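This briefing describes the fold, confidence, surface and side-chain contacts of one protein chain. The structure is shown first.

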Amino acid sequence: MTTTEIRTDLHSRINHLSEAQLKELHHFVDEKFPKQEKTGKKLKKRPFGLRKGSLKYMADDFDAPLEDFKDYMPE
């Protein structure tokens, strides 16, 4: 499915919602994705290296291929 087809399908589904369902959808979207104007808070830009030194342990075989994906790996 292409992006255009997905958008068309989504628009058609939204157009068929009842008024109550549309109100619930708007409430959900506003709750999950608050706009900056509504919160009144400005987002701070996080500096690079903020979490530097926070990694305490990494296994020796971290980069080794996983057994679960053995069938998909080239031989």
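The points below proceed from the whole chain to individual side chains.

This is a predicted model, in which local features need pLDDT of at least 70 and side-chain atom pairs count only at pLDDT 80 or more, while totals for chains, interfaces and linings use all residues. Residues are numbered from 1 along each chain as its sequence is written, and side-chain values use heavy atoms, with hydrogens and water left out.

**Confidence**
- The chain has a mean pLDDT (the predictor's confidence in each residue, from 0 to 100) of 86, and 92% of its residues reach 70 or more.
- Confidence is highest in helix H2 (residues 19-32), with a mean of 90, and lowest in helix H3 (residues 36-39), with a mean of 59.
- Where pLDDT is low, the predicted coordinates should not be read in detail.

**Overall fold**
- The chain contains 3 helices and 0 strands; these are DSSP runs numbered from the N terminus, helices being H or I with at least four residues and strands E with at least two.
- Along the sequence the pattern is α-α-α.
- The radius of gyration of the chain is 23 Å, well over the 11 Å that the globule rule gives for 75 residues, so the chain is more spread out than a compact globule. The radius is taken over C-alpha atoms, and the rule is 2.2 Å times the number of residues to the power 0.38.
- The C-alpha trace spans about 55 × 40 × 20 Å along its principal axes.

**Surface**
- Buried residues account for 0% of the 75 residues in the chain; buried means under 20% relative accessible area, exposed over 50%, and partly exposed in between, with a 1.4 Å probe and protein chains only.
- The chain exposes about 8,600 Å², of which carbon and sulfur atoms supply 56%. Accessible areas come from the Shrake-Rupley method with a 1.4 Å probe, and for residues only the protein chains shown count as cover.
- A nonpolar patch on the surface consists of Leu 10, Ile 14, Leu 17, Leu 25, Phe 28, Val 29 and Phe 33, with about 600 Å² of accessible area together. Patches are made of residues with over 30% relative accessible area and no salt bridge, like charges being joined within 9 Å and nonpolar side chains (Val, Leu, Ile, Met, Phe, Trp, Tyr) within 5 Å.
- Helix H1 (3-15) and H2 each supply at least two residues of this patch, and H2 gives the most, with 3 residues.
- Leu 17 lies in the loop between H1 and H2 and is partly exposed, at 31% relative accessibility.

**Salt bridges**
- The whole structure holds 2 salt bridges, each defined as a side-chain nitrogen of Lys or Arg within 4 Å of a carboxyl oxygen of Asp or Glu.
- Arg 13 pairs with Asp 9, their closest N and O atoms being 3.1 Å apart. Because these two residues are 4 residues apart in helix H1, about one helical turn separates them.
- Arg 13 is exposed at 57% relative accessibility, whereas Asp 9 is partly exposed at 29%.
- Glu 67 forms a salt bridge with Lys 70, with closest N and O atoms 3.8 Å apart; Glu 67 is exposed at 60% relative accessibility, and Lys 70 is exposed at 56%.

**Aromatic contact**
- The count is 1 aromatic pair, where rings of Phe, Tyr and Trp (its six-membered ring) pair if their centres lie within 6.5 Å, planes under 30 degrees apart counting as stacked, over 60 as edge-to-face and the rest as tilted.
- Phe 69 and Tyr 72 form this tilted pair, at 6.5 Å centre to centre and 55° between the planes.
- Phe 69 is partly exposed, with a relative accessible area of 44%, and Tyr 72 is exposed at 68%.
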